[in-house]
There are 2 protein chains.
Amino acid sequence: MTVSVRDVAAAASVSVGTVSNVLNHPDKVAPATVERVLSAIEELGFVRNDAARQLRAGRSRSIGLVVLDVRNPFFTEVARGAEDRAAAESLTVLLGNSGANGTREAAYLDLFEEQRVHGLLITPLNEDLARLERLRRGGTPVVLVDRQAPPRSFSSVAVDDVAGGFLAARHLLGRGRRRIAFVGGPLGIRQVSDRLEGARRAVAEVAGAAIEVVPTGSLTVPEGCAVGEALQERSPAERPDAVFAANDLLAMGLLQALMLRGRLRVPEDMALIGYDDIDFAATAIVPFSSIRQPAALLGRTAVDLLLQEASGQGTEEPRQVVFRPELVERASTRA
Amino acid sequence: MTVSVRDVAAAASVSVGTVSNVLNHPDKVAPATVERVLSAIEELGFVRNDAARQLRAGRSRSIGLVVLDVRNPFFTEVARGAEDRAAAESLTVLLGNSGANGTREAAYLDLFEEQRVHGLLITPLNEDLARLERLRRGGTPVVLVDRQAPPRSFSSVAVDDVAGGFLAARHLLGRGRRRIAFVGGPLGIRQVSDRLEGARRAVAEVAGAAIEVVPTGSLTVPEGCAVGEALQERSPAERPDAVFAANDLLAMGLLQALMLRGRLRVPEDMALIGYDDIDFAATAIVPFSSIRQPAALLGRTAVDLLLQEASGQGTEEPRQVVFRPELVERASTRA
DNA sequence: GGGTAGAATTGAAACGTTTCAAACTGTAGT
DNA sequence: ACTACAGTTTGAAACGTTTCAATTCTACCC
């Protein structure tokens, strides 16, 4: 049924070793022979069997990438960055979506481990890195993405979320807002708690400013909607005058609830700032301010670190790259 | 270095065959033995080697999915639907992004063929199905996604794009608009030409109505922006009074250019309708009307057809499922 | 106690590739 | 003519799993 190197070898009347060499080290084979083998391959429609290659090689040519949420354009962008860089090394990226769910995350880790991936890129769900530690001991390089690793543990690529949170809150305060609501959750997710921490610091610097935490179950549009509905039920006295959403999906949901279903105006009644600066932030019903992160660069750099770690003897110190986030100001925080 | 079944067998003092049976047919092994083998696995930290499994099995447990554009939430949603259904059969989905680029599409097809994927789901770029035909003859079931296959060729899952285009244009006409611009491209992409065809039919039914085609190089936000800029340069007499964008990304770009950088109002000066009804359409600067497609359902159904084809002897007729699109009306076409 | 059905276990073969030491060729130098 | 040597080619071994026919074990019945 399937055509194998053996068949090709027979058709070109050479040995299997030669066929393999034509495929992998053409310079070691006489040009005439290369020619002959190539046409046999063409004729028989031979297609390499990747499973056999991998088995022999011990490692696959794929990189596993586990993200928190594929529906979030931020992660799509990270993935694209990683893919670009990986493709340049003729590596493939396998995308896994944990959906911020521990069970699914574990399932992908198992899967990638069984596949003997070349390396693993992951935005881990929680602080428990034991599983990843085990993976690495097994010889799979691991790089943390969008999350700073504890020193001397893993390589990581991250954006300073505390700084980002600080930027966001300071911007709101600079606009004269004093009662800030931080919307986001679960707080167990490091990105969320760091952004909150940053916001707290900014608020602490301004006399008379207060921050309230409105926890959510996830970082999605519907959750944002729900919070929006709840906020506008409040009396003006109880209501915050600015909202800092832990990511742009929440911000979109909030906006939708406030403007479309409710009667609160943004930014007049409530200023709004999001996080990630996804493309859609600029075209939202009220284009909203956000904290921009270099998503694609994050992905590319993560692959770089991975390759570095893979080529080394595992003896080097892990490297931790941290990018600075950047404020992007739009209508939702003007006036 | 790596722990293999052989090591586990030795540790549990059984044969390799028994270890394999514990893993794959536990019911065929005495409970006490299962117990012993399992603890040996645990102790040694044994992890199955997927490459070896696949090599033996002849096929991998993954489904390849090639989409036109991962940045388009419509395709993300299709992918999620496919994943859900695949996961239920403990299959994995490998996501490939052709980016509407023939070379990259071909690269993914090669890759998936080498991986001996369980099956292939693809939104093909052009009308040339010869490559896919070859793949199928090689024993890989193929299902076309979001594109109706010619009768008796492949199984496919699609949404009636002609009907969708008709719905969109008729809606604009029903709102009193008479000079409609169709924005989209490349026209070689079937989805685009079908939607245009539908629109043409609707326009033909109304006396005094005209349609103008504004071709684009891709279906992206920046392309939409560019067209938006161009449109608002025109004099009111030359300008269309309604735009039908071939997808929502274009629509977002158009909206951005018209409202933010320009001085045209939507829908007063120009009505706008998109296609796909991605989540962000509802929260756009002017929430815009769109043609909704059941994206996740498309993905799930595609996997169903694939499994059906894979289980059969390849003798059955290919099945072609077509869903109906649906109009969703929002502010961009009101009044 | 002999026979047997059935359950449990064994171990070699096969999947298709790559690697690598060994064998083979032909050419050039002495 | 003989050696040295580089350039080619060879073929067996190894990667780790699953399968399956053959074997051993167990328990039961007559």
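With 24 C-beta neighbours inside 10 Å, Gln115(A) counts as buried (20 or more other C-beta atoms within 10 Å; exposed means 12 or fewer, partly exposed lies in between; C-beta atoms are placed from the backbone). The model is predicted: local features need pLDDT of at least 70, side-chain atom pairs count only at pLDDT 80 or more, and totals for chains, interfaces and linings use all residues. Residues are numbered from 1 along each chain as its sequence is written, while chains are lettered from A and ligands numbered from 1 in the order in which they are written.

**Exercise 1. Describe the surface near DNA strand D.**

- Step 1. Near means a C-beta atom, placed from the backbone, within 6 Å.
- Step 2. Find the main supplier. α2(B) gives the largest share, 6 residues.
- Step 3. Sort by type: 10 nonpolar, 12 polar and 6 charged. Nonpolar covers Ala, Val, Leu, Ile, Met, Phe, Trp, Tyr, Cys and Pro; charged covers Asp, Glu, Lys and Arg; the others, Gly among them, are polar.

**Exercise 2. Work out how chains A and B meet.**

- Step 1. Count both sides. Chain A gives 31 residues and chain B gives 31 residues.
- Step 2. Look at chain A's side. Its largest share, 5 residues, comes from α4(A).
- Step 3. Sort that side: 16 nonpolar, 8 polar and 7 charged.
- Step 4. Superpose chain A on chain B. This takes a rotation of 180° with 0.0 Å of shift along its axis (RMSD 0.0 Å), by least squares on C-alpha atoms of residues with pLDDT of at least 70 in both copies. That is the relation of a two-fold axis.
- Step 5. Locate the axis. Ile285(A) comes closest to it among the residues of chain A, at 1.5 Å (C-alpha).
- Step 6. Compare the sides. The copies meet through the same surface, because 100% of the interface residues of chain A are also interface residues in chain B.

Terms used:
Helix = DSSP H or I, 4+ residues; strand = E, 2+ residues; numbered from the N terminus. Contact = placed C-beta atoms within 7 Å.
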